[in-house]
Each structure stands twice: as C-alpha cells, then as structure tokens.
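Hi there,

Here is the structure I promised to pass along. Have a look at it first, and then read on for what I found.

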Amino acid sequence: MAKNDEGIAIGIDLGTTYSCVAVWEKQHNRVEIIHNDHGNRITPSFVAFTDDQRLIGEAVKNQAATNPTNTIFGKLHLRDAKRLIGRKYSDPVIQNDLLLWPFKVINSNDEKPMIVVNYKGKEKYLSPEEISSMILSKMREVAESYLESPVKNAVVTVPAYFNDSQRQATKDAATIAGLNVMQIINEPTAAALAYGLDKRANRVDERNVFVFDLGGGTFDVSLLTIKGKIFRVRATAGDTHLGGEDFDNRMVNYFVQEFKRKNNVDISGNPRALRRLRSACERAKRVLSFSANTTIDVDSLFQSIDFSSSITRAKFEQLNIDLFKKCMEPVKQCLRFAKMAKSSVHDVVLVGGSTRIPKVQKLLQDFFNGKELYNSINPNEAVAYGAAVQAAVLSGEVNEMLQDLCLLDVTPLSLGILTEGGLMTVLIPRNTPTPTKKEDLFTTVKNNQPSILGKFKFSGIQLARRGVPQINVCFEIDANGILNVSARDNTTRNKKITITNDKGRLSMVEIEWMIQEAEKYKSEDEERKKKIEAKNALENYAYNMTNTIEDYEISSKLSTTDKTKIENAIQQAFQWLAANPHAEADEFDDKVKVLESICNPIMAKMYQGEFDTGCDDPSTFSGRRIEQVD
C-alpha cells in the first residue's frame, strides 16, 4: 500500500466507457459523486487529438465524427486503452481487435502495443498507460475543481480479473497522472462497499452478497460475505474482454449488412460511417432496455445515403444471446470456487450500465431461482462510491460509519512456477486472501545449470550437479493485488534477491518521461483554456455593449457622437475577432482594454447624476445595464 500523504483522498472508477470520481464529505457524513464541468456525474473515457489541441471526456464527442483515427475511446470504437493496458502486442485479443480499431496500433521493440495519433501535425506514439493517465488526470481535475483544493491521494479501481501486469500498468498510469495510489481495489469489491453502506452494514448476521458487474468493456463477478463492517471476498471470476461494447458491435455488424443489402455499398472499411452507426446503435441499445422496439436513423451515413431502420428487443437479444449466456459461466465458476450453493446467496447486486439489459437480468434471476435482484444503488456510480469509502478509511477518516470497516480481498488467478515437463507448481492458488506470502523450494534439472525462473530470471547459482542447489522462491502479493517475487540460494547463502517482471512494463525512466509529457500536455491545455476565456471575455463585452446601446431607454440618453464611437469600436472588435480567431490570450485582453477605454467613460458619463454606477472608477463599467436607484 502506498504512503498516505496528507490531503483529501478520492475514489476513481477508471471505466472502459465512462469514468467516475467520488469523495467522502466530512460535513455530511456521506459519499459525494462529483459532477464534471458539463454537469454530468460520469465522464466518457475518451481521448482525442487534433491539429491544435488534446481533448478528454465530454469534449471528444463533438469532433469524433470528423476525427475518428485520432480518437481513442471504448463506447464508439469497441475497444479502448483499458482493454490494451497490460497486454502484449502478440496477445490474440489484441490481434483480433486490430481489425476493429479505427486508430493505428503498432508493435514496439518490447512487444508493447503503442497507439499512433497525429497531434499538431506530428505523429505521436502513446502507450495505453499514457491514455489511461489522461483520463485519470481529467478525473483528478474534476475533483479539484469541486473541492477547490489540490488532490494527490486516490483509490483506483480495476476489473477483478485484471492480472498482475494490468494492475501494475494501471498503477503506473496513476503515477503519470500525478496521483499517489493509496490502493488498487477490484471493481465488484468497491461496489460491495457501496451496497454495505447503503444497507448500513451493522447487522450481526452474515450476508452472502453476489456482485454482478457488467460494464462497457469488462465483466466481473464476486461473492462476498459481509458481517458487520467486515467485507470478506470469498471468490471472484470474470472476463476482461466482455461488455456492452461487444453487444453494440453485434448490432453494428447487423446494420452494416442491412445497409449493404439495401444499397449494395459496404461501409465496413469507413471509420467515420462506422462511428456514426455505432453511436446510433449504442443509443438504440439503451432505449431497448425500456422499450420493445426502436429506430436507427443516420442522415447521410455514407456517400450521401440516408440510413433508416428499426430493431426490436427480441432481435437485439437474438444477436447477442450467446454473449448473454456467456455471462453466466463466471457466475457458476465463482460459486464453485467459493464452494457455496446459489441458495445460500442472500442478495444479488447489479453493477455496471450493461446490467440494465432486460435479458441479462432475466438470465441472472432465473439462475438464482427467481431471486429479486438488488438494484437500489446506481450501477454507474457504485464502484466510485466504494472507492471513495475505501479512500476515506485509508486516510484515517474519523466517522462512526467508517470506523472498523475492513476489506479483505482475494487474488483472482493462480500464481506459480513452470517446472520441468511443462507442469505448473502453484504457490498461491486463485481466491487466496490478499495480502499474502508463500514460499517453496526449487532446484536445478541440469548439471551446472546457472539460472532458473525463465521470465523472472534468478542467476548466479553455484554450479553443481542437478538437484543439489536449493533455491527458496517467495511469492508475495500486496494489497493492490500486485506480485513481487524474491529468491535465495540456500546452498551458498547468497543474499535475497527481489525479482520483478519488467517484460512489457514501463521502466522508471519511461514513467518519468511520461510524467514530464503529462505536465507539458497540462500546460498546453491551460494555455488554450486561457485563450478561450480571454476570447470569450472580448466577445461577451462586445455583445453586452451592443445590447446596452440598443436599449431604447439608454440609447435615447446617448449623444449621436458617443453612440457612433461605441458602435465603431464594437465593429472593429468583431472584425479583429474574425481575422484573429487563434490570437494569444494577452492579445484578446488588450482588445478588451481598448474597447473598455472607449465605452466605459461614455457610459459612466451618461449615468452620472441619474444612476448609481456602484463604483467610483468608471473604467470598471462592464457593459451591464445598471438599475435605477430610487
């Protein structure tokens, strides 16, 4: 667990399609889901690059149709950085997705997939960690804006079935974003915390809670036993490559074929057409969760051809029935791993936007013999809610609700060493409570063998006959679910060596460089924000003055000469704006001052003796109408 620095701690749900940030509010003794700058409680996990700027979140939607190859996100392009993170380029999952991504992905020298984008006229190579760090930075900014103070500490969630490499990559992404990761916790476990607080988990009897977490790109299930304020994960299972995007994709393929059948035109190779169609399909999927049928309408989808069609809920279910049924396999596995009968489960909690699909709910309810599904917590916000709770606990927040709250998680995968004959010697079985530490003795299989442990290489073994060296290997999993390996040659009493699996991982040098790049992006974003604010200030002042002098009551009090001066000044300002839309912030500021120097004295002179300007300095007049004082 990372060092807990001083400051407010937040919880971040880094989602495939949407992300969410929350914080524990002391004054109200509750978790607050934080709105972003568009007033929404969840933020699209989108990143895009243009000729002059980088966009994150909501702003990406406005340009995605015209810039598909430089837009990386899950909802409209099937896969995103979260599905790339921690995987090798040669991974069959990556190779299959390469056929679907509109953006370019290449293989780096160490088998790491790199995303290629054009930014400011140049080609840039970005790792999945960098893309994820940009989204994490956005969530951090959302929190800082709400809290009006810097934020450093965070609990970040990952799918329960993320492996060691994916967890470490997520932690690296948070580091690049300038966050101190207090702990990485599993998404369904975080949701269980939200459930527990919602139920005010202070009852003395045990409750077995099954969390079914089906999001945009990943799927996890976890079985927990909750007693009082102790949350103990019994087992977990899932699929890191199954979610709502896959359901969208089935619908997209269906309508691509329909468009081809109707118009004899294949749009499967056109990123812009596919993006627009996928957006329409995603909206249709949401509607079908509440209606029996809906329509798909996309104007000028391709080659000026309008596309209009309809789809029923029954057809949507038929297109995805194999995927829906696939969701039930991890449910069975999880119960089997926990050695628990489904009749012993007290509550089934729904988490993730895709759990709103009626067929998914029906299959799950049927499996649990008609048990009512628990959906009182918001499926899009539950994970961030739980992460914020854990962040408050780790921060030492003094509160009766949080006091003695204890979270005991498990490792999702068995970990061990591949030995002679291709057999796996398991040191830590799946669903072992974490943190944990296990040791075992190993030896060489060849005479004078100098090293063991393949990917985790332990060298320097004293040369001896096979079977003589005694190597003590230790596997240790921390509270983040991240593995550390160490080994000692007991024969020669060599000092203990800690081994890390650096293959495909970012080095400290790379992380430091990416942190510097992140600061550079941030600086560029801030400069652009200043430009926009300065430009808006000039436009607003000019429009306010236009409205002011067009007011009959005010206009009648202005001399013709003064009114003409103001009108000419406003006209010049608008002409300059049209000719210099990309000017620097100080240039916009200077133009505001010029316009104010002409308008403010005239307006102040007109009001003198009749109206109260509210100030002694005429230069502070803002162009707003001043109300008459009785």
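Let me begin with a helix pair. On the α6 side, D246, F247, R250, M251 and Y254 make contact with K315, F316, L319, N320, D322, L323 and F324 of α8. Sorted by type, the residues of this contact are 7 nonpolar, 1 polar and 4 charged. Please keep in mind that the model is a predicted one.

How do the two helices lie relative to each other? The axes of α6 (residues 244-263) and α8 (residues 313-326) come within 10 Å and cross at roughly 135°. Angles over 145 degrees would count as roughly antiparallel and those from 65 to 115 as roughly perpendicular, so α6 and α8 are oblique to each other. The crossing of α6 past α8 is right-handed.

The largest share belongs to α12, with 7 residues. By type, the lining of the second largest pocket divides into 12 charged, 6 polar and 6 nonpolar residues.

Note on methods. Residues are numbered from 1 along each chain as its sequence is written. This is a predicted model: local features need pLDDT of at least 70, side-chain atom pairs count only at pLDDT 80 or more; totals for chains, interfaces and linings use all residues. Side-chain values use heavy atoms; hydrogens and water are left out. Axes are lines fitted to C-alpha atoms, for helices over the stretch in contact, and angles run from 0 to 180 degrees between N-to-C directions. Helices (H or I, at least four residues) and strands (E, at least two) are DSSP runs, numbered from the N terminus. Angles under 35 degrees count as roughly parallel, over 145 as roughly antiparallel, 65 to 115 as roughly perpendicular and the rest as oblique. A crossing is left-handed if the near helix is turned anticlockwise from the far one by less than a right angle, and right-handed if clockwise. Contact means heavy atoms within 4.5 Å. Ala, Val, Leu, Ile, Met, Phe, Trp, Tyr, Cys and Pro count as nonpolar, Asp, Glu, Lys and Arg as charged, and the others, Gly among them, as polar.
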